[in-house]
Each structure stands twice: as C-alpha cells, then as structure tokens.
Amino acid sequence: MSQFAHNSLVQNSIIRLEEIVGAAHVHTSAEDLASRQADGILPSAVVQPAGAVEIAEVLRFAAAEKLSVIPSGGGTKLGIGSPPSRYDLALDVSRLNHVLAYDPQDLTLGVEPGVRIEDLLRVLTEKKQFLPLAVPFADRATIGGIVATNSSSPLRHAYGGVRDFCLGMEFVTGEGIQAKSGGRVVKNVTGYDLHKLLIGSLGTLGIITRVNFRTFPVLPAQGAFVATFSSAEGAFGFCAAIAHSVIAPQIVEVADPGAARLLFSAGAAARIEPRTWPVIISAAGQPAVVDRSARELGYMAGASEAEEFIQLGEAEAPAVLTRIREFPRLILEAAPSAAIFRIGVLPTAMAGLMRELHSLTHKCNMDLLAMARASGILYAAILPKEGDPMTAASLTGAVKQVFDACNNPEIGASAMLEWCPPEIKSAAGGVWGAPRKDFGLMQRVKKSFDPNGVLSPGRFAGGI
Amino acid sequence: MNPQLIRDLVTLLGSNAVLHQPEDLMLYEYDGSVELGSPKCIVFPNSAREVSEIVRLANRYEVPLLGRGAGTGLSGGAIARDGGLIVVFSRMNRILEIDEANLRAVVQPGVVNLDLSRAVEHLGLYFAPDPSSQKSCTIGGNVSENSGGPHTLANGVTTNHVTGIEVVLPDGEIVRVGGKNIETSGYDLNGLFVGSEGTLALVTEITVRLTRKAEAVKTLLAVYETIDDATGSVFDITVRAITPAACEMLDGFTLCAVEDYVHAGFPKDCAAVLLIEVEGLTEAVEAQATEIMDVCRKNHAREVRVARDDRERALLWKGRKEAFGALGRISPMYYVQDGVIPRTRLPETLRRIAEISRKYDLQIGNIFHAGDGNLHPLILFDERNREQFARVVAAGTEIMEHCVAVGGALTGEHGIGMEKNELMSLIFSPDDLALMSRVRAAFNPAGRLNPGKVLPLGKACGEIRIPHLPAPATTTA
C-alpha cells in the first residue's frame, strides 16, 4: 500500500494536480474517495482530467512522484482484478464523454472513454445502427471500462468480441506519452496492433482516450426463441446442432436451472419449467430469414429432444435478453458475496465442465448458477444456499476447486474469477487461475507501456 | 557468411535442408513485391525445435534472420534486407488437427491457405481469409501479414480467425500463446503477433477457426459507363447497410487485360465493373441480391447480371484473382499499392487517382476491395526507364498521401514491410513509433529478426521505396 494511502496525499501533490486539471476536478472528500474504492482500498484523491493532454500530464506527474493511478469511468467494474498493490490516484475519465466522430454512412465511430454505452447506443439507434456490446451495468458502464475489461456480450456469438470490431485506439502510456495504433478504417495493417493489447488489460498498459469502432446495421426483423431440455447434455447437443447448421443466430445462450429461474422470474416465467435447461436464441435478418430460422431451430430442437420450443413474444423477448445481458449484476444484487467466474471453454467441453462444477459446488453445500455463451464462454456463479450464511473459508475452498476443474487438461478451460468478495481474492490464491505459459511475454509488454509500474499495479494476471 | 555457421546448420538440419550456393540463393532474393535482397543462406526446418536451434545459431554468429512461406508477400516482408539467413517453412506443411466439433484446425506455418480449405471442404467448412494468392501463399505468411482477401468484407481478416499460435522468440525460446479457446485471460498477445510482419517472433504452429460454408451464394456483375457510377453504387450499398460477402471493383483498362487473359466474359468497352457476392441463407441472398441490383440500376449500371452457375461464378473470380497477373502481361513491371480510405470517400479518391495518372503520365489500373475501401491501384512502368521510374515513385506517394489525408491508412492487407516503412510517419507520430519500436525491442532486442521492416529507419523520410534502381532524384514528402 502506498506511503500516501488513506487520504494523506501530501498537500503539494494536490496543489500540483489542481494546477493540471483545475481545482474543481480534484476531489478528496471521504464520499468521493469511497466512490472509487477498489477491493476496499481507497485512493487518496480522485482526479478528473478534461482530455488526453491533461491525462498525460497527470501521469507524468504520477510517474515522477511514484504515485500509482487506476483509471475508471462509470466505476461499475473496479472490483475486477486482483486487489491493487498501491492506489494513490483514481483517474476518472467521465469528462471525456464525447462522440468524436460518427460517420453512419461509413459505419465507423470514434468515441471517448467516458461515454456511457447506453447513451452511445441511443445515438446509433437513431441511424438504425448498433455496436454489439450488450454488456452488464448498461445504464452506467462506459466505453473505456467496457474495453479495458473486455466486457462480454451475448452478441459475441455473431459479431465477435471487442477485438473484432475495434479499429484503433488512442491512449496515454504509464510514462504519460500520448500514443495511438490502428486507425478509423475497417481494414488496416499499418503498424503493430497495439490497441488489441489494451483490450482486457484492466488499465495496466495505458489510459484509453479514444476508441474507434466499426458499427453494424440494425437488421430488419428479429425473433427470440427458447428451447428447454432436461439435461445439460441435451441443451449443449442442441447448440452443437445449431453450430453445424446453416442457421446463424446472433445469440445462443444456455442457462442451467438456477440461472433459468433468475432469467425467467418475470413475464415468461410461467412458460418455462423451473427445473429445465433453457437455450435462448435470438435470430435476426430479413423477415424471411427469421421465419426460416424459427422453423429450422424448432426442427433441430425436436431432433435434440427438447421438452418445449417457444418463440418469445415481442414484449417478453427484450426483458429476457436484458436479463441475460445483466446476468452478473442480477447475481451480485441477489447475493453480494457471490463468486462469479468467467471461463473460456470449448463447446465440446461445456457440458462436462457444467456437470463437474455442479457436482463440486453441491459437495461444498453451495448453489451454482451458470450461463454459457455457446461459442465458448461460461459464466459460473457460486452462491450460498438460501438461508445458509456462506463462510469465506468454504467459498475459498469452492473457488480453488473450480480453478482446478478448469485446469484439468481434459477440460482445457481458461478461468478468471471476475467478481468475488475482496477477502476471497487473496485467500483463494488470486483471481487469475494458473499462470499462463507466456507470462514472461506479458511482462515484456507491460514494461514497454508502463516501465515504472504507475498504472493499476498488482491488478493483473501474475501481479502485473 | 561464416563457413562454420553453414557447417553447424548442415550438422543440425542435414545437407538437404541448407542452401548456400549463389544460384540457389537467387531464387530467394525477391517476393511478390518489387523489392530485392540477397540472403546468404536458406534453411528448411522440420520442427519448432529445429527453428529454435537455428535461431540460437544465428544469435551465436550474430547473423540476421527472417521467416518465409511461399514468398508471395507484396511489401518485401520475406526479403533478406540485411542479408543473413532465411528460414523457409515449406517443409512444415502439415495440418496437425481438424477439430470439426469446435470449428478449429491446428496447422504448421507452411500449410498453403487453399489446402486447408480443401482439407475441410467435405465437412462444409473453410478457412475464411482468402488472399488472391491463396493457391500458393502459406498460413504462416497470412499470420505474419494479417492477410485479407476479397471475402474479408463480411468475414474479417486473419487476426479474426486465429485463436492460438506457437512462436519461437528471437532468443530461441518456444512459447505458446492462446489455444483453441476463444478467450484466455491476460493480454491478447495473438493480437500483437498476428500482423507483426515477422519482426517479433517466428510462428511455428497456428490454431485457426474454421467457418461454415453458406447455404447459398450469388455473384453479381454490374457494368458501368463511368467510374463515378460504380463508386456511387458501392457508396449506396454501404449506406443501405447491405453487407455483401465481397464487393470488388475493376476498372475498364484492367478489364481489357483480364478478359484477354482469362476469357471470363468481362465487357471490354466499359469504364468499370463491380463484382459483388452475397451469401447466407437462401432467403437472405435473394433479398440482398434484389436490393443490390436495384442500387446498381439506380446508379446507371448498363447491365447487371447474375452468375448462372458455379462455373460462371468461378470464372468471374478467376478474372478478379488473376488480375495482377493479367496486367503483368501488358507491362514490364507494375507497382501495386494497398491504401485504405473511408468507404464514403471512394468516388473522390478514384477521381484523384485519375488526376494523378494524368499528371504523371502513367497508366494506373484499379482493382480493389471496394466494399471495405481497400484500394489496389497498379502503376505500370518499365524499370529500364529511369525518368519514368521517378514519376512512379512520386505518383505512388501522392496516392498514399491522399489516402492519409481523407482519414485512411497506408496498407489494408499487404503490410508495411520494407516498402512503406519510411511512410509510417504520415500516419504515426514520433511517440507512436517510439512505442512500437519499444514493443519490438521487448521481443527482438538485438533487432536480428527481420531487420529493416515495418518501422522507419529514418534514411529516406516520407518516401516509398522501390529499390531496383538508384534512388530517384526527387524527394516527394
């Protein structure tokens, strides 16, 4: 922890920061500091620069004074990552909240990091376009945080992750140097793709000051469907059938019975049996394409021995899709002490991993709620049984077992503990799972961008 | 080259895997670009372990080295600019695994792009990146250059299809990055390595995604009396939010050369054609094709025709993919560019290229990926004419400057290599370049791996490099 921690940033430093960003934009009240806490650790000041130039100056000052800086915007995902080893300045990018360039005819966009995703999507909707970022905390999450945490969207199934539609970035390195890579055009191999490194880097490489995206046209018609199965094998078998068909849905998500209760608690609840494994699908395109998808999906569901196949009504579909989008948030609201894993796993290993995770949490006398993006991401939440207070020790034990299950070579999954109480993070031996074989290369990257370790120290894999 | 190094390489790899006679080396002096460089030795490893040993030997003897696939690159990426060793991956050409259920394949770098698609064709799958050289270019080369192709408009470029790689670092260490999973926690090193033009590591194994073939495909040919009408159609297709699988433009001059070469039925009396492909479910293809035909007609297309069958479709694509070769038949040399512009700037950019063509009195053919704004102007020239050569360099630079001025990029898929590295400062600030340079040094500290590529050397600032002849008299930027 910093020599300056607990609001003891020396007065001279505050004065200098006020000179850089203006006195109105440096905050040290208890309330302001608490709003930027990371794993219970408070910064000594919250700084709100107006743009890249001020950010660069703040970072140069921080480097000179050996202060550590953690960026945030909406502040919804400051809990992700290892507890910071030091946290002096919270760098709030909320004032960088402009759409800098939007060329709907070219389907490209340049935005500042503090723009809220909900606001941005509203701008795009006016032009019948969107970004495939149906991410949690949508009312508060900002672009910078979404990119820096590589926030996961169910639309990944059809559109890929941030790396697949991010065209370029501007950012400030740990030494306070303004840099960029990529560009604004949809196809570009000019120079190294440094911006890809910043996606999911949790603020450890640079402070993002502009992100360029390609946008996508809203398709004319949509349909949402639910097929229910009596087992994980049935549900994932159906997903495999879809993947091997010519039908190309936008979203294919599998919920286990616990997650299903959460998703269908309103509206459509009556129609979904609580013990079943639903597969939720959204298909979009020309009306004829949606009709055809509905027919073929229904046929495949039948062939996969679905118990039911229904099309969600126009009113209930958005509600269900919103709950899928907000899955981690719904869990955290229901059980703040939950541990939520984000796991990269191959489609063929999903059913087996699901079974393993259910069995081990059952043995630990806990509940598991899991949702899978059929293309290869599993969200698994461990919760206390209703009315049963979960102890930190038992949760820690379960967390370790989940990591072990993922590391099993037959499963070959890559797990990260995205959300959990701070005390679990260290007790469970970290949130990043087994060290990657290429950890040495990640260290080299970190050293290139932030040689003095100013940015988000200790938050990333392996203590980066 | 140190004879002891040659002996060590022969001991390591066997004499049939080492070339060092001048007549053998000559074959590796060039690639698909207009660049040249003389290697001192060529080696053909069989495994990552051998590659690692080669790298260690190169370090011991302080010799530069670089990787090479089929040598089809268009920016000099696989040319030995500073002499040294070339590691040719043609013997590491096995498809190691096809994982149909998870839509993945694991391949060695020397596997030819089209061979992978052919190997999975019976499963209804293919490897999506389809550079025009796909019959010969290797997947290792695709990874180094982050190659594209006509169909990347809808399906993305190489980086969107790579989930894991094994690399040999410049110190000889063998490291695996990523794997089959779509997501691994930690920095996206795949994203850094893919497209790094062989300057950070040698790639020895690649895990790629396989893509399911569409149910239906329709290929349309729209014929125009003016280039403006053709570019206007592309503009309208983009604006109407239709995403074809491919949208290619060929100008009238190029078409004549192509038609004489492949006899695909292209008109020889028009200003331009668009070759547009839509794919997907039958229903989607019908709807999109109808809408595209409507757009083309509104933009005064003289004729819009749909390929009747696979044979006609294949013929049209043969015309497009062999267009460079067709122009090569009518000119001693051509210089192909790869600039990218925002798609909405297409009409003005084509007018600008025509002006530049007139200004420098040079014939420029235009063949390009119109749908994503990736231009391939081909400037024809005769390398024996030194005065003309200076004009080629000036015209090329002026086209590039226009692309940058309208918010574009220097290269969409061919790479920077040793051809455009001195132009990097048109796009990037000294700070941007310093960071890229620092990242390179983090992996390639001695600069021994593929020296003189991607980043500017600062010797000829703001100039395209076409090195067959002495440097031209004029500096254009």
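Which order do the strands of the open sheet of five strands in chain A take? I looked this up and found the order 5-6-10-8-9, with antiparallel pairing.

**Conventions**

I note that this is a predicted model, in which local features need pLDDT of at least 70 and side-chain atom pairs count only at pLDDT 80 or more, while totals for chains, interfaces and linings use all residues. Residues are numbered from 1 along each chain as its sequence is written, and chains are lettered from A and ligands numbered from 1 in the order in which they are written.

**Confidence**

The model has an ipTM of 0.96 and a pTM of 0.96. For chain B I read a mean pLDDT of 93, with 96% of its residues at 70 or more; pLDDT is the predictor's confidence in each residue, from 0 to 100. Residues 469-477 of chain B have a pLDDT below 50, and this stretch has 18 contacts in the model beyond near neighbours in sequence. Here and below, two residues are in contact if their C-beta atoms, placed from the backbone, lie within 7 Å. Where pLDDT is low, the predicted coordinates should not be read in detail.

**The five-stranded sheet of chain A**

Returning to the order 5-6-10-8-9 in chain A, I find strand 5 (99-103) and strand 9 (178-182) at the edges, each pairing on one side only. The twist from one strand to the next averages 15 degrees; axes are lines fitted to C-alpha atoms, for helices over the stretch in contact, and angles run from 0 to 180 degrees between N-to-C directions. Strand 8 (residues 166-173) of chain A runs antiparallel to strand 9 of chain A and is joined to strand 9 by five bridges, and F171(A) has A179(A) in strand 9 as its bridge partner.

**Where chain B meets chain A**

What lies across strand 8 and strand 9 of chain A? I found helix 15 (residues 430-443) of chain B there, running at about 70 degrees to strand 9 of chain A. Across the whole interface, 66 residues of chain B are in contact with 63 residues of chain A. On the side of chain B that touches chain A, strand 9 (174-178), helix 7 (189-193), helix 8 (227-239), helix 10 (282-298) and helix 15 of chain B each supply at least two residues, and helix 15 of chain B gives the most, with eight residues. By class I recorded 30 nonpolar, 22 polar and 14 charged residues on this side of chain B, where Ala, Val, Leu, Ile, Met, Phe, Trp, Tyr, Cys and Pro count as nonpolar, Asp, Glu, Lys and Arg as charged, and the others, Gly among them, as polar.

Which residues of helix 12 (residues 316-325) of chain A are buried? I list A317(A), V320(A), L321(A), R323(A), I324(A) and R325(A), a residue being buried if 20 or more other C-beta atoms lie within 10 Å of its own, exposed if 12 or fewer, and partly exposed in between, with C-beta atoms placed from the backbone. Their cover includes strand 13 (251-255), helix 10 (257-263) and strand 17 (366-373) of chain A.

Strand 17 of chain A is itself mostly covered, with seven of its eight residues buried. Three bridges join strand 17 of chain A to strand 13 of chain A in antiparallel fashion, and A255(A) has M371(A) in strand 17 as its bridge partner. Strand 17 of chain A is also joined by eight bridges to strand 18 (residues 377-384) of chain A, again antiparallel, with A370(A) partnered by A380(A). Strands 17 and 18 of chain A form a hairpin with three residues between them, and G376(A) in the turn has a positive phi of about 140 degrees.

**The seven-stranded sheet of chain B**

In chain B I followed an open sheet of seven strands in the order 15-12-14-13-17-18-16, with antiparallel pairing. Its edge strands are strand 15 (303-306) and strand 16 (333-336) of chain B. Strand 13 (residues 246-251) and strand 17 (residues 364-369) of chain B run antiparallel and are joined by three bridges, with M249(B) opposite F368(B). Helix 9 (residues 252-262) of chain B lies across strand 13, strand 14 (272-280) and strand 17 of chain B, at about 90 degrees to strand 13 of chain B.

Notes: Two strands pair if DSSP finds at least two bridges between them. Helices (H or I, at least four residues) and strands (E, at least two) are DSSP runs, numbered from the N terminus.
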